[in-house]
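Have a look at the sequence and the fold before reading on.

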Amino acid sequence: LLFLTKNAGSAKDYKTIFNPPKKTEINEKDKEELRVIYVGLTRARKIMVVAVPTGCRDIWKEKLNL
């Protein structure tokens, strides 16, 4: 079970992290946040349940190809 909040650990929303402004690179805190999510998503053996806020559902559906 993976709970994801509206904001990442750096207080940015995930939409901003996934689509940074073209001249801006992802900073180290945001990279670490994405690494933690990656580990959580890839370690499940049988069932993966991801809980996200209602307003963020489209962002995660797109990112997870659902």
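Let's start with Arg-35, which counts as partly exposed at 42% relative accessibility. Here, buried means under 20% relative accessible area, exposed means over 50%, and partly exposed is anything in between (1.4 Å probe, protein chains only).

Before going further, a word on the source: this is a predicted model, where local features need pLDDT of at least 70, side-chain atom pairs count only at pLDDT 80 or more, and totals for chains, interfaces and linings use all residues. Residues are numbered from 1 along each chain as its sequence is written, and side-chain values use heavy atoms, with hydrogens and water left out.

**Salt bridges**

What does Arg-35 pair with? Its side chain meets that of Glu-32 in a salt bridge, at 3.1 Å from N to O. The term stands for a side-chain nitrogen of Lys or Arg within 4 Å of a carboxyl oxygen of Asp or Glu, and by that rule the count comes to two salt bridges. The other pair is Lys-31 with Glu-28, where the closest N and O atoms are 3.7 Å apart.

Both residues of the Glu-32 and Arg-35 pair sit in helix H2, three residues apart, or about one turn of the helix. Lys-31 and Glu-28 are likewise three residues apart in helix H2 (residues 28-42), so about one helical turn separates them.

| Residue | Relative accessible area | Class |
|---|---|---|
| Glu-28 | 54% | exposed |
| Lys-31 | 31% | partly exposed |
| Glu-32 | 40% | partly exposed |
| Arg-35 | 42% | partly exposed |

**Overall fold**

Zooming out, the protein chain has three helices and two strands, running β-α-α-β-α from the N terminus on. These are DSSP runs numbered from the N terminus: helices (H or I) have at least four residues, strands (E) at least two.

**Core and surface**

Buried residues make up 17% of the 66 residues in the protein chain. A nonpolar core is a set of buried Ala, Val, Leu, Ile, Met, Phe, Trp, Tyr and Cys residues joined through side-chain atoms within 4.5 Å. The largest one has eight residues: Leu-2, Leu-4, Tyr-14, Ile-17, Phe-18, Ile-37, Cys-56 and Trp-60. Helix H1 (residues 14-18) gives the most to this core, with three residues.
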